[in-house]
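I opened a new notebook page for this structure. My plan was to look up one thing at a time and write down what I found.

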Amino acid sequence: MERLKENFGTKEDLAMHRLQTAKSNLKSAKILLEAKEYKSANNRAYYAVFHAINAIHALKGKAYKRHKDAVSNFNKDYVKTGIFPREMGRRIGEAEEIRHASDYDDFYVAGREEAERQIETADEFIEMAEGYCVSQLDGRMQQIREKIEEE
């Protein structure tokens, strides 16, 4: 697949796009849950979390190709510093493990309760990530307003 080489927006635009992608993945996870496709629901719930993590990274102009790097840097920069709760960091790690098992372990049996927990984690994390991104954007808008008033 060929990727566009032009810049079509700001870091903030990218963050908002990634949040929308996260929400779309969450919606898919819920549909798959109702269809009793628990392994696939786990996959989509994890990807919802992953895209929300990448939305947060985008605000700082950071990008990671590997999931492991995106998650570990999120934990280092946002969980260990107290911006996001340690419990959520733990749940994200668990979601990553369950997604991996659901996708790659031939005899892994995924159940409804597990898929529901993964969807709950994704839902809560997306809400937190969106709140964080909006607060960062509001802060930047306030800085711009103050700079304009100074001039």
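Entry 1
Which residue forms a salt bridge with Glu 116? I looked it up and found Arg 112, with the closest N and O atoms 3.1 Å apart. I note that the model is a predicted one. Arg 112 and Glu 116 are four residues apart in helix 5, so about one helical turn separates them. I recalled the rule behind this: an α-helix has 3.6 residues a turn, so residues three or four places apart point the same way. I also checked the surface values. Arg 112 has a relative accessible area of 30%, which makes it partly exposed. Glu 116 is partly exposed as well, at 33% relative accessibility.

Glu 34 counts as exposed because its relative accessible area is 55%, and the cut-off for exposed is over 50%. I wrote down that Glu 34, Arg 112 and Glu 116 are linked in a network of salt bridges.

How many salt bridges does the structure hold? I read off eleven. One of them is between the side chains of Lys 30 and Asp 123, at 3.7 Å from N to O. This pair links distant parts of the chain, with Lys 30 in helix 1 and Asp 123 in helix 5 (residues 112-150), 93 residues apart. Lys 30 is partly exposed at 36% relative accessibility. Asp 123 is partly exposed at 34%.

Entry 1: helix 1 itself.
I checked the length of helix 1, which covers residues 11-34 and has 24 residues. From first C-alpha to last it reaches 35 Å, close to the 34 Å expected at 1.5 Å a residue. Which residues of helix 1 are buried? I listed Ala 15, Arg 18, Leu 19, Ala 22, Asn 25, Leu 26, Ala 29 and Leu 33. Just after helix 1, I noted that Lys 36 takes a positive phi of about 65°.

Entry 2: Lys 62 in a loop.
I found Lys 62 in the loop between helix 2 (38-59) and helix 3 (67-79). Lys 62 is partly exposed, with a relative accessible area of 34%. Which residues does Lys 62 touch, not counting those up to four places away in sequence? They are Arg 18, His 57 and Asp 77. With Asp 77 there is a polar contact between the side chains, at 3.0 Å. I also looked up Lys 62 and Asn 73, which are eleven residues apart in sequence and 9.8 Å apart in space, C-alpha to C-alpha.

Entry 3: a pocket.
Arg 18, noted above as a contact of Lys 62, came up again. Arg 18 is among the residues lining the second largest pocket. Helix 2 gives the largest share of its lining, three residues.

Is Asn 42 buried or exposed? Asn 42 counts as buried because its relative accessibility is 1%, and the cut-off for buried is under 20%. Asn 42 has its place in helix 2. The side chains of Asn 42 and Ser 102 are joined by a polar contact of 3.0 Å. Leaving aside neighbours within four places in sequence, I listed the contacts of Asn 42 as Ile 98, Arg 99, Ser 102, Ala 110, Glu 114, Ala 115 and Gln 118.

From that list I followed up Arg 99, which lies in helix 4 (residues 86-104). Arg 99 is buried, with a relative accessible area of 7%. With neighbours within four places in sequence again left aside, Arg 99 is in contact with Asn 42, Asn 43, Tyr 46, Tyr 47, His 67 and Tyr 104.

Note on methods: Residues are numbered from 1 along each chain as its sequence is written. This is a predicted model: local features need pLDDT of at least 70, side-chain atom pairs count only at pLDDT 80 or more; totals for chains, interfaces and linings use all residues. Side-chain values use heavy atoms; hydrogens and water are left out. Helices (H or I, at least four residues) and strands (E, at least two) are DSSP runs, numbered from the N terminus. The expected span of a helix is 1.5 Å times one less than its number of residues. Buried means under 20% relative accessible area, exposed over 50%, partly exposed in between (1.4 Å probe, protein chains only). Contact means heavy atoms within 4.5 Å. A polar contact is a pair of N or O atoms within 3.5 Å; within protein, one must be able to donate a hydrogen and the other to accept it, and residues adjacent in sequence count only if both atoms are side-chain atoms. A salt bridge is a side-chain nitrogen of Lys or Arg within 4 Å of a carboxyl oxygen of Asp or Glu. On a 1 Å grid over the protein atoms alone, a cavity is a set of points where a 1.4 Å probe fits but cannot get out, and a pocket is an open set with protein on both sides within 12 Å along at least five of seven lines; lining residues have an atom within 4 Å of a point.
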